[in-house]
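Student: Please walk me through this structure one piece at a time. I'd like to begin with what sits on its surface.

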Amino acid sequence: MDPPDSASRVFCGRFLSMVNTDDVNAIILAQKNMLDRFEKTNEMLLNFNNLSSVRLQQMSERFMHHTRTLVDMKRDLDSIFRRIRTLKGKLARQHPEAFSQLCLSLPYRMTDGHAHSESASLWSLDAFHLPGPGLSHAPMGGKAF
């Protein structure tokens, strides 16, 4: 004899009979397709991240190299301008009248401590304190060379 069906067995049986097996299989297939697409997308993103990391490392090295080059160039230019200032001071002390005439004939003069043209920055007396005999020669606000 078969045991009598309980209410829960009857309910589950009827509930399962309401579900279309073809629809369930279609949902499972769609989920598998989406999983494949997500795995491919994930792999592509990993490859992109790896490539980006390598490129970032390369660009960082190039950036550091260019930065060092610029710092070296600035240091060289500072040294050159310091030598030019020293030579200007020597010329101004040795030939003050010719030097002052040259400065007066230039079209641009330094007004606020900054030259308004390259020739003004190289020849204007306004940027330098030219001391009397026996005093050290130093640019305004700078160290003696």
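Tutor: Let us start with the nonpolar surface patch, whose largest share, three residues, comes from helix α1. Helices here are DSSP runs of H or I with at least four residues, strands are runs of E with at least two, and both are numbered from the N terminus. Keep in mind that this is a predicted model, in which local features need pLDDT of at least 70 and side-chain atom pairs count only at pLDDT 80 or more, while totals for chains, interfaces and linings use all residues. Residues are numbered from 1 along each chain as its sequence is written, and side-chain values use heavy atoms, with hydrogens and water left out.

Student: OK, which residues make the nonpolar surface patch?

Tutor: Phe-11, Phe-15, Met-18, Val-19, Val-24 and Ile-28 make a patch of about 600 Å², and α1 (7–18) and α2 (21–94) each supply at least two of its residues. To belong to a patch, a residue needs over 30% relative accessible area and no salt bridge; nonpolar side chains (Val, Leu, Ile, Met, Phe, Trp, Tyr) are then joined within 5 Å, and like charges within 9 Å. The areas come from the Shrake-Rupley method with a 1.4 Å probe, and for residues only the protein chains shown count as cover.

Student: And which aromatic pair does the structure hold?

Tutor: The structure holds one aromatic pair. Phe-11 and Phe-15 form it, stacked, with 6.1 Å from centre to centre and 20° between the planes. Rings of Phe, Tyr and Trp (its six-membered ring) pair if their centres lie within 6.5 Å, and planes under 30 degrees apart count as stacked, over 60 as edge-to-face and the rest as tilted.

Student: Where do Phe-11 and Phe-15 lie?

Tutor: Both lie in helix α1, four residues apart, which is about one turn of the helix. An α-helix has 3.6 residues a turn, so residues three or four places apart point the same way.

Student: What distance should α1 span?

Tutor: At 1.5 Å a residue, its twelve residues should span 16 Å, and the end C-alpha atoms are 17 Å apart, which agrees. The expected span is 1.5 Å times one less than the number of residues.

Student: New topic: how many salt bridges are there in the whole structure?

Tutor: A search of the whole structure finds two, a salt bridge being a side-chain nitrogen of Lys or Arg within 4 Å of a carboxyl oxygen of Asp or Glu. Asp-72 forms one with Arg-75, with the closest N and O atoms 2.2 Å apart, and these two residues are three apart in helix α2, so about one helical turn separates them. Lys-74 forms another with Asp-78, with the closest N and O atoms 2.9 Å apart; these are four residues apart in helix α2, again about one helical turn. Lys-74 is exposed at 52%, while Asp-78 is partly exposed at 35%.

Student: Is Lys-88 buried or exposed?

Tutor: Lys-88, which lies in helix α2, counts as buried because its relative accessibility is 4%. Its C-alpha atom is separated by 8.9 Å from that of Phe-99, eleven residues apart along the chain.

Student: Last one: what is the pattern of the chain?

Tutor: The chain has four helices and two strands, following α-α-α-α-β-β along the sequence. Buried residues make up 12% of its 145 residues, and its accessible surface comes to about 12,500 Å², of which 62% belongs to carbon and sulfur atoms.

Methods:
Buried means under 20% relative accessible area, exposed over 50%, partly exposed in between (1.4 Å probe, protein chains only).
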